[in-house]
Structures are given as structure tokens and as C-alpha cells.
Amino acid sequence: MKAIIMAGGEGSRLRPLTCKRPKPLVPVANRPIMEYCVDLLRGLGIKEVGVTLQYLPELIQEYFGDGSDFGLNLHYFIEDKPLGTAGSVKNAASFLDETFVVVSGDALTDFDLRPAIARHKERGALATLVLTTVDNPLEYGVVITNPDGSIRSFLEKPSWGEVFSDQVNTGIYILEPEVLELVPEGEPFDFSKDLFPRLLKDRKPLFSVTLAGYWCDIGNLTQYRQAQEDILRGKVKVRVVGEDRGGGVVTGEGVEIDPRARIEGPVLLGSYCRIGPGAAVGPYTVLGPYTRVEAGASIKRSIIWDSVYIGKEANLRGAVVCSRTSLQRQVRIYEGAVIGDGSRLDIGVEVRPEVKIWPEKVLSRDTVVHESLIWGQGTGRPLFVGSQSPGYLQGGLTPFQVTRMGLAYGATFKPGAMVGLSTFAGGVGEMLFKAMAAGLMAAGVRVADLGRLPTPIHRYAVRSLRLAGGCHIKQDAAARDKIWLHLVNERGHDLAPGAVRKIENLYWREDGRQVKDIQASTYFPALQESYCEWLLTTLGEDGIKKRPLRLALGCQGDIAALAATVLQRAGAEVIRLDFDPAKDWRAIQDDLPFFAAEMGRYGAEMGAALDQNGEVLILFTGEGRPLTTSQQQALLARIYLEANREARLVLPVTASHAVELVAERFGGKVERVKSHPGIHHEAMARVDGDGYPTQEHLQLDALAALLYTLDWLARRDESLAEAVAALPVVHTVSRSVPCPWEAKGRVMRTLISEVPAEKVQLLDGVQIYHKDGWSLVFPDGEEPRYRIYSEAFSQETAEELAAFYERRLKELIGREKE
């Protein structure tokens with residue numbers, strides 16, 4: 001006996017599950033639906049099976065192959081156009097030379113078909129339909145039978161007034177080859193609508209058999225979820241892949257569950273899943289292979305496919321999440337929502353009930369999705385923030401994407417140009433380094449291997465080695481799973497907007513160039529030592545070299561040893577209070593009061609904390625008080641302007657206005673520029689002279705800024721607290737207001753229209769001047785939110801200004817949503 005599996009269905013009612021795969025390959029309890037049909041037929045002893053295909057046929061052929069791995073011989077028959085159920089089987093007529101069984105590749109059943117086959121042969125039937133009874137027959141084809149099992153009539157999807165039976169057609173048939181003679185060649189023709197009514201009309205032997213057992217036509221998302229629950233409940237007699245650990249918990253091989261995680265059955269955990277500490281996986285949940293659930297995440301009644309990342313404290317209730325999707329920290333997905341393949345949901349995204357997200361969408365931070373997202377790329381951040389491209393290790397950042405970026409960036413240089421490449425410590429850094437190097441080399445660029453460097457030394461290396469540009473791969477100090485591809489020009493400065501747009505266009509067009517000559521990379525050793533020597537030569541003889549200062553230094557990673565070496569060789573007495581290497585910058589900032597207390601224990605005259613990338617500096621007075629951002633900007637402005645009298649100081653619009661007050665004392669001028677780093681750096685390079693310190697050292701290099709501050713204090717024989725006391729007092733407040741990407745422009749336009757033109761500056765964002773202070777309302781370039789910066793000569797006024805614009809923005813955003 002032979003069999004046919006009808007597997008041509010597109011599954012439009014299951015979208016977005018079927019956007020990337022045919023319906024028979026949609027996973028149910030971590031196995032494609034069609035695989036259960038294969039098990040069913042193999043259990044009957046049937047070896048020769050034809051498979052009818054139409055939608056994405058190559059995917060089914062690739063998965064099942066010739067059937068030998070499944071104990072069958074599979075033969076494929078592909079339709080060029082939809083032919084209906086009977087038409088598709090007619091397409092396989094050359095294969096069907098004996099009694100055969102037809103089953104649907106997208107239905108789940110545990111029927112024992114042997115009684116139906118036996119009755120078919122006993123009656124001498126041309127066609128036997130397998131029926132089952134259901135509570136609600138409205139969505140099915142109702143079949144009315146005579147006492148002997150012969151079929152009396154059909155009703156397709158009746159109303160309740162037409163429901164004369166609870167017996168429905170399951171789409172499983174036992175047929176004789178002769179019936180196919182009634183099916184026209186190459187034309188759409190259906191079993192239940194065309195062929196069976198004709199057999200009935202012609203009084204051919206048409207019978208039915210009603211079987212007990214489980215049957216579910218997985219035609220919509222509700223039925224899809226129900227089928228999973230029924231398998232977990234044990235209502236379906238099918239093979240579930242995994243080991244029963246008791247309590248309803250079934251796991252595949254290589255599953256890792258932290259002892260502090262809570263797993264409550266029935267659940268199915270696919271092979272190589274990882275469940276983190278404090279995570280909770282509740283009843284009726286299926287996790288696909290290679291899925292990772294981070295600490296504190298909570299999942300209930302959800303179906304998660306393979307290779308999904310679920311971040312810390314994420315919350316999923318009754319959701320379906322497709323393959324290769326990334327859900328970052330504190331994402332919330334509610335009942336009935338579906339997230340398509342390869343989507344990325346950033347921190348704090350909320351997907352409301354029944355919302356469908358189509359594949360490959362990007363939802364940016366704190367986005368709330370109220371309605372299904374089908375078209376477009378989603379509401380994601382741009383590819384670049386300034387001249388840096390961010391990505392998450394567990395959120396879709398792959399070596400392929402990094403190589404693609406290398407191809408795009410490399411195509412902006414002349415073939416043979418040498419471009420610097422550096423990275424951070426560890427296997428991930430090495431992997432991404434090699435991926436970027438492959439892209440650059442494929443574009444005909446010579447790679448200068450700069451090794452493991454902090455960001456400021458990468459800038460120094462590009463400039464001192466006279467390279468054409470550079471890429472520094474770095475780990476975000478505050479979010480360890482976030483990676484930045486930081487691109488710089490030949491001066492080591494961030495790229496201007498025009499250069500970034502060119503790379504973006506090449507990236508999205510995948511318009512890389514092909515070259516014949518691939519040049520080997522060149523390794524440049526001892527760059528940190530070179531940087532250290534150079535930095536020390538920029539100091540005078542009458543500063544820290546003559547009056548050493550006792551400094552408490554807080555760092556972590558490679559920057560800690562480098563900073564200690566530079567400062568000690570300069571003459572400082574360094575007390576290393578290294579931070580916990582396992583903590584990110586957010587956690588370290590929470591620990592700074594402890595750092596300040598330790599300073600007192602060791603009698604430090606001042607303290608300094610540097611982030612792991614050498615880009616952020618926090619100064620502390622000897623009493624353990626950290627300088628505010630405003631105080632530190634004003635102090636560094638004074639150091640620069642004392643060394644460069646009547647110079648022009650270039651700062652972004654977000655910098656404190658305290659620097660203007662400092663500049664007035666020393667005859668300097670402040671030039672405000674847009675906050676884009678490329679524009680800012682280009683303007684600094686235009687006005688910086690040959691002397692030291694330069695603005696670049698004080699604004700872009702945390703270690704250099706610290707060294708010059710120590711040297712300046714030593715020359716003045718002054719404590720940091722005394723220097724801060726002499727600075728102008730300005731109070732600053734910052735706030736953040738979430739705003740959908742698509743509403744930013746309209747909200748900004750409305751806000752500008754409400755303020756008199758003479759009180760507004762529109763250089764970057766909306767800067768509004770008031771009698772006793774000012775506020776800057778600035779749309780964030782990376783996240784769907786506004787930043788508010790307010791300054792005044794009293795803390796109370798600064799708070800009032802920030803609160804006013806926070807309220808106003810919320811009002812305008814709320815009006816947009818109505």
C-alpha cells in the first residue's frame with residue numbers, strides 16, 4: 001500500500017508563522033507538523049510515500065530528503081500552480097498504482113487507520129473518508145451518513161441551523177487509483193467540493209469510517225496553540241522528543257537549567273536550551289532547541305521556537321516567538337501575540353495582546369506595539385549612532401553582519417589603503433575582529449592589526465601610523481551584551497555624517513566591490529607602550545613630576561594596568577582600587593560610594609574612576625565627593641583655556657553653559673556645534689593648535705584628561721576641591737521621556753511653534769532660553785525617546801524647567817497616540 005502526504009499548503013491563516021516556511025514545517029512540540037504524519041504512515045507499515053508540494057517546496061525536500069532518515073521512501077510531486085487537493089494528488093498519478101492513503105501534512109492526529117483500511121477493502125469502496133466527531137463543526141465539512149456507513153450528503157462549513165451531524169471530514173482518505181480518472185489534468189479540483197460530490201451523484205461506492213482518537217486541523221493560531229497544549233497534557237498519542245525528568249518536564253539533550261530556576265510542568269525544553277538563575281518557565285510552555293532564557297525572565301503558556309534569546313526579566317504570557325528572534329531585557333509580550341522569525345525587540349518593548357509582528361522587524365527601546373506590524377523594517381534605530389554601529393550579541397549581531405559592514409566600510413577606501421582594526425579582550429572580540437577583517441580584506445583593503453586597545457589608543461594609533469582610517473570593536477561598558485563598531489577617519493576622529501551615510505548606503509545595497517588582490521594584514525605591536533611614552537612627553541617639568549599626588553584609581557580590565565603605569569611614571573602615587581571585572585558600568589556606578597569611602601581609608605588626595613573603554617572619567621575630591629558633569633566640563637575648559645589663552649572651545653549643544661562663564665574669564669570663546677560626534681571632532685581639529693593639552697585629549701581620552709588634570713593641580717599646588725570651589729555654580733537636571741520614533745518629528749514641530757522665535761535656538765534639538773535658565777529638548781538618536789537637559793543658577797529652577805518640559809512632552813506624545 002502507498003500513501004500521499006498533501007504538503008502544498010501556504011498556511012495564510014497561520015501567518016506570520018508561515019512567512020518563512022510552508023505550513024507542514026511549522027514546529028509543533030519542537031517537530032514539524034508533517035513529521036507526525038510520517039510517523040503515522042510508518043506505523044502502518046507503509047514505505048512508499050508521495051509528497052505533493054507547491055509553496056516553498058525546496059524547504060520540505062531539504063528537511064525530509066529521500067525519507068531514509070525517517071524509515072520511508074519519499075517521492076516529491078511539485079505543482080507549478082495551485083491545483084486543489086484532488087488536483088495535487090492527480091499530479092502524482094504515475095506513482096499511484098494501488099490502493100493508497102491520503103493524509104494532510106498540516107493536521108495532527110493519532111488515529112489508528114488500520115480499521116478504516118480494512119473496512120475500505122471489505123466494502124469494495126472507491127473512496128473511504130475518515131470522519132471524527134467534534135463539539136463545534138462550524139469550521140469543518142460536515143458529513144451525513146447512512147447506518148451502513150455510506151455517505152448521504154455533504155455540508156461545507158454550515159451554520160448552526162444546518163448542523164445535522166457532529167461528524168466532520170478529517171481530510172484523511174483511502175482511495176483506489178481509478179478515482180483519479182475523474183480528476184481533470186492540470187486544473188484546480190478539490191476532493192470535498194468536486195470529486196466526492198461527483199462520486200455521490202454517480203452512485204459510486206463512497207463510504208466513511210468514524211474513528212476515535214485525537215485530531216486537530218491546525219488551521220489558525222488558536223488551534224496551533226491548542227495542539228501544543230494537548231501534546232503536553234498527554235491527550236495525543238504521539239512521540240515527543242526528549243527525556244522525561246518527572247513532574248511533566250521533558251528535556252532534549254544538553255539542556256542546562258540553573259539550580260535557582262523554577263520549572264513547572266508540563267513543559268518541553270528543546271536540546272541545548274539554557275535557563276538562567278531565577279528564571280521561571282511555567283506550565284504549557286515549549287522552548288525550542290538552542291533557546292536561551294536569562295536570569296529573572298518569566299514564561300508561561302508560550303511557544304518559543306529554536307535559537308531564541310530571552311533577556312533578563314523578560315515576561316511572556318501566551319506568546320508565540322519564532323526562530324532566531326531576540327528579546328532583550330524587560331521585554332513584555334502578552335496573550336495571543338506572535339513575533340516573526342529573526343525579529344529583534346530592544347529593552348523594555350511591550351507587545352500588546354493579539355498583535356502580530358511579521359519577520360525581520362526591529363522594535364526599538366521602550367516601544368509599545370498596539371497593532372500588528374506587517375510592512376517596513378519596524379521601528380528600529382538607525383544602523384549608525386554617530387559613527388558607531390551598535391548591535392547585541394544575543395540580538396542578531398552575527399559575524400556575517402560584521403563582515404558585511406567591513407565590505408561596506410572597505411569600499412569607501414581606495415584599494416590597497418591601510419585601515420586600522422582593534423578589538424576588546426576575549427573570544428567574542430576575536431571572532432568579530434576576524435569577521436570585520438574578512439570584510440575589509442575582501443574589499444581590497446590592507447588591515448593594520450592593532451590588537452586589543454582602549455578607544456583613545458585606537459585613535460592615537462590610526463593618527464600616529466598615518467592610516468587611512470580605523471574600526472575599533474568595543475564592548476559597551478554599561479551593557480556587556482552590546483557591541484559597537486566604532487569607525488574613525490585618518491585623524492582618529494569619528495566620521496562626519498556624509499561619510500556615515502555613504503557606508504550605510506553601501507551596507508543596505510550590499511554593494512561591495514570585488515577585487516583580485518587580497519593583501520595580508522600587518523601586525524603593529526607595543527602600541528600601548530608607544531601611547532604611554534608619547535603621552536608622558538607632552539607633560540611639562542614643573543607639574544606632577546615635581547609634586548606627586550596621591551590618587552585612588554578605580555578601573556577594570558586592560559585600562560587599569562595601563563592607567564596605573566602612565567600615572568606612576570608621570571610621578572603620581574597610585575592606589576589601585578580595581579572594580580569587579582564581572583560588573584558592568586551601571587553596577588560600578590552604584591558602587592561608587594564604597595569607592596569614595598575606600599579613598600578616605602587610604603588617605604588619597606583625590607580619586608578617579610575610568611570605564612573599561614577609557615572614554616568616561618569621573619573625578620572625586622579628597623573628601624570623596626564626585627564632580628558633577630557640569631563641574632567637570634567647566635574644570636577641563638579652564639585647564640584648556642589657561643594653556644591656550646583666547647582660544648576657541650568647541651562643545652556640543654548638550655554641554656553645560658558653565659563653560660561660557662569660564663571662557664569669559666580667560667578671553668576665550670565657546671563654539672557650539674551639533675552633538676553628532678563627527679561634526680564635533682571635525683570642529684575641534686579645525687581650531688586645535690600644536691600645544692598640549694588639546695581639546696581632543698581633554699574631551700575624548702579619559703586617561704589623558706586625568707593626567708593633565710593632575711599635572712595642572714600640581715603646578716598650582718591646589719587640591720581638586722579648591723579648584724572646584726572657584727568654578728561658577730550652575731545646577732543641571734536631565735530627564736528622559738519615551739516617544740515613538742514616528743511621532744518625534746510632529747512633537748518637535750508642535751513644541752517649536754509654542755515658543756517665541758527669539759527664545760529658541762535650533763542648532764540641534766530645541767534649546768529654549770528662560771529668564772533664569774535654559775532647557776534643551778533633544779531627540780535621542782538611538783532610542784525612541786527625548787532627552788531633556790535643563791540648567792539654572794539654582795537647583796530648584798533647574799528642576800522646575802525640566803519638569804515643565806517633561807510634562808509638556810508627555811502631553812504632546814499622548815495627543816499623537818489618540
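Reply: Strand β47 (residues 648-652) is largely enclosed by the rest of the structure, because 4 of its 5 residues are buried. Here buried means under 20% relative accessible area, exposed means over 50%, and partly exposed lies in between, using a 1.4 Å probe and protein chains only. Strands (E, at least two residues) and helices (H or I, at least four) are DSSP runs, numbered from the N terminus. This is a predicted model, in which local features need pLDDT of at least 70 and side-chain atom pairs count only at pLDDT 80 or more, while totals for chains, interfaces and linings use all residues. Residues are numbered from 1 along each chain as its sequence is written, and side-chain values use heavy atoms, with hydrogens and water left out.

The partner of β47 to look at is strand β48 (residues 669-673), which pairs with β47 in the parallel sense over 5 bridges; two strands are said to pair if DSSP finds at least two bridges between them. Within this pairing, Val-650 stands opposite Glu-671 in β48. To get from β47 to β48 the chain passes through helix α16 (residues 658-665), and this β-α-β crossover is right-handed. The term right-handed applies if, with the strands pointing away from the viewer, the path from the first strand over the helix to the second runs clockwise.

Elsewhere in the chain, helix α9 (residues 455-464) is also largely enclosed by the rest of the structure, since 8 of its 10 residues are buried. Those buried residues are Thr-455, Pro-456, Ile-457, His-458, Arg-459, Tyr-460, Ala-461 and Val-462. Helix α9 packs against helix α11 (residues 527-537) at an angle of about 85°, with the two axes 10 Å apart. That angle makes α9 roughly perpendicular to α11. Axes are lines fitted to C-alpha atoms, for helices over the stretch in contact, and angles run from 0 to 180 degrees between N-to-C directions; under 35 degrees counts as roughly parallel, over 145 as roughly antiparallel, 65 to 115 as roughly perpendicular, and the rest as oblique. The contact, which means heavy atoms within 4.5 Å, is made by Ile-457, Tyr-460 and Ala-461 of α9 together with Leu-527, Gln-528, Ser-530, Tyr-531 and Trp-534 of α11. By class, 6 of these residues are nonpolar, 2 are polar and none is charged. In this scheme Ala, Val, Leu, Ile, Met, Phe, Trp, Tyr, Cys and Pro count as nonpolar, Asp, Glu, Lys and Arg as charged, and the others, Gly among them, as polar.

As for the whole, the chain has 22 helices and 53 strands, and 57% of its 818 residues count as buried.
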